[in-house]
Amino acid sequence: MPSAETTQASAHEPEPVRPTREDEVAATGSELIGGPLGRHALLGTSWWTPVRVIALVAIGMFALGMVQKAPCYNGAWFFGASSQYTHACYSDIPHLYQGRGFADGLVPYFDKLPGDMQYLEYPVLTGVFMEVAAWLTPGSGSIQDQEQWYWMVNAGLLMACAAVIAVCVTRTHARRPWDGLLVALAPAFALTATINWDLLAVALTAAAMFMWSRGRSLAFGVLLGLATAAKLYPFLLLGPLLVLCWRAGKWREYGIALAGAAGAWLVVNVPVMLFAFEGWSKFYTFSQERGVDFGSFWLIMAQNSDNPLSTETVNTLATLLMLLCCAGVAALTLTAPRRPRFAQLAFLIVAAFILTNKVYSPQYVLWLVPLAALARPRWRDFLIWQACEVAYFLGIWMYLAYTTSGDAHKGLPTDGYHWAIGAHLLGTLFLCVMVVRDILMPERDPVRRAGDDDPSGGVLDGAQDVFVLGAAARPPRHAAQVDGPQVEWGTGKANAGSL
C-alpha cells in the first residue's frame, strides 16, 4: 500500500492520459485484454509499467518479424531467384555479407570491392555497425552458414535498436506513455525491421527527440549528428526545429543543438574522409547517380513514358519539390494559430522527403513510424496508413517475383505494382493531411486536447512566441467547436469551465 508521502507527491504529478478513454479504436482493441481501465483502477502499483510492457511488446513483434523471414533463412535467400520474393521475406543483410567484402575480411571504405560497386555505399556509422556484426559472425562453415549467422547477429543488434525506439517514444510524451504501443504493434515496423540497417538511425533519432523533450539540447544534437552519420534523413529535423526556435526566440538552445550535431557527425566522418575519401564519398555519389527506382511516383512516370526524364532532371525536380515542401512547412510554422509541435513538423518534413524522393525502399517506413506515433497518436489514422504500407510491402515483392520468374510471370504485373505505389503515397499523404489539420485547428490535436502544449518540444513547451506572421499575429481563437475541454495554450491545463 502506498505511503502518505507517496500519495501526496503523486497528487502534484500530471495524470497520465488513458488512450482507452479518448480513442475509440484503442478502447475497442482493449477488449482483447479485458477492456478499458475503470475509474477506480490503481495505476503505478505494478512492476508492469508502460515502458516495460511496450518494450516487451516491441521485442515480441520484432521476433514475429524474424519468424516471417524463416522461409528465406531456410533456403530462399540462397536457392531460386524469385522464391525470396514470393515469400515476401527478402533482406539485403545476408546478400551483402559476401557482396560487400565482409566475408573476405575487407575493410569498408578502405578496400576496393570487386564488381560494379567498388566501395560500400552506406554512411560511415552504418558501415561500422555492419563491420561489428561481421566480427561477431563465426567464420567457419559454408558461406551459406556464415550468411545465416550474419543475418542473425544483425537481427539481434537491430532488436536492441527496436527496443530503444519503443522506450524513447514511450517516454518522450510523459503523459501519454501508451502511445508507444503504436510503434510496438506497427505491422510494417515488424515486417521491414530486418530488411536493412535503417533501425540504427531510427533509434538514434528517437533517442535524440527524447533528449530534446527533456531540454537537453547538446545531447539532442550529438545523437542527431550520430543518426545522420548512419543515414542521411535525420539532419532534416534541424530545419523545422530552426523555424520553431525562431518563432519562440530559442536561438541559444538551437545553436547548442546544431553545434552538437555538426561535431558528432564530423567526429565519425572526418577520419574516414581524410584517409579513404573515395570510399567515404561513395554513398553520396551513389545517391546522386542512382536512377529512378522502386516505390516513387517518378517510377510510375518513367514506366508510362516513351521518353522518361534523365536522372539529372529527376534530381533537379526532386530537389525543387523538396525545397517547396520545406518552404511550406516553414510558412505553416510561422503562421499557424499556435506554434506547431516539434513531432508534427518532424513527421511532415521526413514524409515530404519520402514522397518527393526518386526511390522508396520498403524499410523507409521505419523512419516515419516513431514520428507518426508522436505527431498523430490516433489508432484509426495510424492503422489506415499502416494498411497502405503493408500493401506496398507485399506489392513490391510480388512485382519482383513477377519480373524474376521468367515466362511464368508469377506475381504482380507493372500496373498492379503502380497501384501498390499509389497506396503508399496516398496513405502517407493522408497522415500528412491529418497532421496539418491538427496544426491549423489545435483543438483537434489529440495531444493538445488533453491540455498539453508541446511535450516533445523541450524548451519550446509552453514558451511564448516572439516572431509570427499572418493569422498567427492576431489573437488566437478556437477554429472549430469540438467535443472535449478547451485549452489554455502553454499552461498544460484544461479550462475547467468547459468540462
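Me: What makes Met301, Leu309, Leu317, Leu320 and Leu323 a nonpolar patch on the surface?

Reply: Patches are made of residues with over 30% relative accessible area and no salt bridge, nonpolar side chains (Val, Leu, Ile, Met, Phe, Trp, Tyr) being joined within 5 Å and like charges within 9 Å. Leucine 317, at 33% relative accessibility, passes that area cut-off, and the five residues have about 440 Å² of accessible area together. These areas come from the Shrake-Rupley method with a 1.4 Å probe, and for residues only the protein chains shown count as cover. This is a predicted model, in which local features need pLDDT of at least 70 and side-chain atom pairs count only at pLDDT 80 or more, while totals for chains, interfaces and linings use all residues. Residues are numbered from 1 along each chain as its sequence is written, and side-chain values use heavy atoms, with hydrogens and water left out.

Me: Which helix gives the most to the nonpolar patch?

Reply: Helix α19 (residues 311–335) does, with three residues, and leucine 317 is placed in that helix. Helices (H or I, at least four residues) and strands (E, at least two) are DSSP runs, numbered from the N terminus.

Me: Why is leucine 317 called partly exposed?

Reply: Buried means under 20% relative accessible area and exposed over 50%, with partly exposed in between (1.4 Å probe, protein chains only). Leucine 317 has 33% relative accessibility, and therefore counts as partly exposed.

Me: How do you know that cysteine 72 is joined to cysteine 89 by a disulfide?

Reply: A disulfide is a pair of cysteine sulfur atoms within 2.5 Å, and the S to S distance of cysteine 72 and cysteine 89 is 1.9 Å, so the pair meets the definition. By this rule the count comes to one disulfide. The link is right-handed, with 75° about the S-S bond.

Me: Is cysteine 72 buried or exposed, and what is the case for cysteine 89?

Reply: Cysteine 72 has 0% relative accessibility and therefore counts as buried, and cysteine 89, with a relative accessible area of 0%, is buried as well.

Me: What makes the phi of alanine 88 and that of tyrosine 109 worth a remark?

Reply: Most residues other than glycine have a negative phi. Alanine 88, which is not a glycine, has a positive phi of about 55°, and tyrosine 109 has a positive value near 75°. Alanine 88 lies in the loop between α6 and α7 and is buried at 6% relative accessibility, whereas tyrosine 109 is placed in the loop between α7 and α8 (124–135) and is buried at 4%.

Me: How do you know that arginine 175 forms a salt bridge with aspartate 452?

Reply: A salt bridge is a side-chain nitrogen of Lys or Arg within 4 Å of a carboxyl oxygen of Asp or Glu, and the closest N and O atoms of this pair are 3.0 Å apart, so the pair qualifies. The pair links distant parts of the chain, 277 residues apart, with arginine 175 in the loop between α9 and α10 and aspartate 452 in the loop between α24 (446–449) and β1 (487–488). Arginine 175 is buried, at 18%, and aspartate 452 counts as buried at 11%.

Me: How many salt bridges does the structure hold, and which residues are joined into one network?

Reply: The structure holds 13 salt bridges. One of them joins arginine 376 and aspartate 381 (2.8 Å, N to O), and both residues are buried. Salt bridges that share partners join Arg376, Arg380, Asp381 and Asp438 into one network.

Me: What is the pLDDT of the chain, and where does pLDDT stay under 50?

Reply: With pLDDT being the predictor's confidence in each residue, from 0 to 100, the protein chain averages 88, and 86% of the residues score at least 70. Values stay under 50 over residues 1–13, for which the model has one contact (heavy atoms within 4.5 Å) beyond four places in sequence, and over residues 477–499, for which the model has 40 such contacts.
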